[in-house]
Structures are given as structure tokens and as C-alpha cells.
Amino acid sequence: TKMYITNGAIADQISLAAKTDRSAGHRGISIFIIEKEMPGFEVTKKLKKMGQHPAGTAELALKDVRVPHENLLGEEGKGFYGIMKMMERDRIMAAAMATVRAETALQLTISFTKSKMALGKPIVNNQTVAHKLVEMATEVELTRQLTYYCAAKFNEGKDCRKQIAMVKWYAAEMNNRICLQALQIHQDLGLTKGYPIERIFRDSRVGTFVGGTTEIMKEVIVKLMEL
């Protein structure tokens with residue numbers, strides 16, 4: 001069995017969802033802790049990526065790995081429910097990270113427009129540029145507030161699956177829009193290696209598919225809205 005896992009190149013342990021009862025559907029899924037030193041477990045390839053370089057994504061291979069019962073995480077057959085709960089938390093975290101990246105791109109762009117001169121004055125004095133910054137700031141703030149709402153409701157144990165799916169896809173797409181607009185304002189410098197905006201732009205692309213793609217999030221919302 002082969003799989004691709006972020007941080008798999010450096011992790012000492014991974015959690016693995018596996019079918020322990022093939023006849024029980026999603027009720028037959030259990031979660032196990034796989035340890036790096038187990039015979040048959042191997043990191044076969046470290047993957048090169050466009051962005052997210054610090055996260056060592058790798059191809060892992062498992063061949064005849066024997067996992068002891070004590071490595072069962074939680075109850076047997078309850079893995080699906082644990083995964084779903086974990087995904088809710090991870091999607092809130094993904095929205096928060098997307099918001100932070102967008103906020104960072106915005107602040108870098110504001111600083112750039114105040115220092116970049118054109119026709120003897122900073123380009124931030126151009127109404128078109130200033131209005132674009134206002135639009136970017138508004139999108140970031142709206143996303144931040146929905147992320148705060150979801151985090152608060154999740155911590156209270158309230159059902160906010162719909163809002164979590166909403167903020168996950170919206171934050172990721174918002175982040176990409178903000179970074180693209182920031183890159184446009186930075187012009188050639190935005191494409192230059194070594195400039196923070198170039199790295200943020202590359203790192204942000206992962207947000208639209210990690211933890212559930214934009215399309216899957218919309219399908220989740222469709223069901224929860226009973227459409």
C-alpha cells in the first residue's frame with residue numbers, strides 16, 4: 001500500500017484509517033498509530049512541490065506491516081466519526097491559516113504601495129489602488145469574523161458543520177484572490193524569488209484542496225441546506 005502524507009518525511013508516527021470490517025461500510029473503519037520503526041514501513045520518496053516547502057510531503061509504503069492492538073486509536077469501528085470530527089477542526093484551522101496568509105499579503109501590499117513612487121507620489125495615493133486595498137481588507141475581515149464564529153461554536157460543542165464548510169472554501173478562495181491582487185500590485189517584484197509575496201502566493205494554492213476541496217465543501221453545504 002502506498003500513500004502521500006504531509007510531514008510524512010519527518011514524522012515518527014502517523015495515524016492511519018483502515019477497514020477492520022469490510023462488510024460494515026463506514027462503521028467498519030478504525031484508526032491506528034503506525035510507528036516509523038515498524039518492519040515494512042518505509043518512506044519511499046520525498047516529493048518536490050510548488051509551495052509549502054517546509055511541510056515534508058512524502059510517499060510512504062506499507063508492506064505486511066503488523067500493528068499491535070494497543071496501537072488502536074479510540075474504539076474499533078468508530079474511526080469514521082473521529083475522522084469527521086477531526087476534519088471539522090482542521091477545516092477551521094485551514095480557514096484561519098488562509099485568513100492569516102491573506103492578511104499578511106494585504107499588509108505587505110499596503111507597505112509596498114506607500115513606498116513605491118509613481119509620478120512623484122506613492123502609488124497608494126492613486127484612488128484605484130487605495131480602493132483595491134479597501135476591498136481586500138474588507139474580504140479579509142469578513143472571513144476572519146466567520147472563522148471566529150465557527151471556532152467559538154465548535155469549542156462550545158454546537159453543530160456548525162454548514163458554517164465550517166462555508167468558511168473553509170470561502171477562506172481558501174479569498175486567500176487566492178487577495179494574493180493574486182497583491183501580486184498584481186507588486187508587479188515584477190511579486191514574481192521575484194526572495195520576496196515574501198511570491199512565497200505566500202505559492203503557499204496559498206494548497207488551501208483550495210487540502211482538508212476537502214472547494215467543490216466538496218459546496219456539496220456538504222448542499223446536503224446540510226437540504227437542497
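Reader: Is Asp 12 buried or exposed?
Author: Asp 12 is exposed, with a relative accessible area of 52%. Here buried means under 20% relative accessible area, exposed over 50%, and partly exposed in between, using a 1.4 Å probe and protein chains only. Please note that this is a predicted model, in which local features need pLDDT of at least 70 and side-chain atom pairs count only at pLDDT 80 or more, while totals for chains, interfaces and linings use all residues. Residues are numbered from 1 along each chain as its sequence is written, and side-chain values use heavy atoms, leaving out hydrogens and water.

Reader: Which side chain does Asp 12 meet in a salt bridge?
Author: That of Lys 36, at 3.3 Å from N to O. Asp 12 sits in the loop between strand 1 (2–5) and strand 2 (13–19), and Lys 36 in the loop between strand 3 (29–35) and strand 4 (41–46), so the pair links distant parts of the chain, 24 residues apart. Lys 36 is partly exposed, at 36%.

Reader: What counts as a salt bridge?
Author: The term means a side-chain nitrogen of Lys or Arg within 4 Å of a carboxyl oxygen of Asp or Glu. Side chains of opposite charge can pair when their charged atoms come close.

Reader: How many are there by this rule?
Author: The count comes to 13 salt bridges. One of them joins Arg 144 and Glu 141 at 2.9 Å, N to O. Both residues lie in helix 2 (residues 127–155), three residues apart, about one turn of the helix. Helices (H or I, at least four residues) and strands (E, at least two) are DSSP runs, numbered from the N terminus.

Reader: Which residues form a network of salt bridges?
Author: Glu 103, Glu 141 and Arg 144 are linked in this way. Glu 141 is partly exposed, at 33% relative accessibility.
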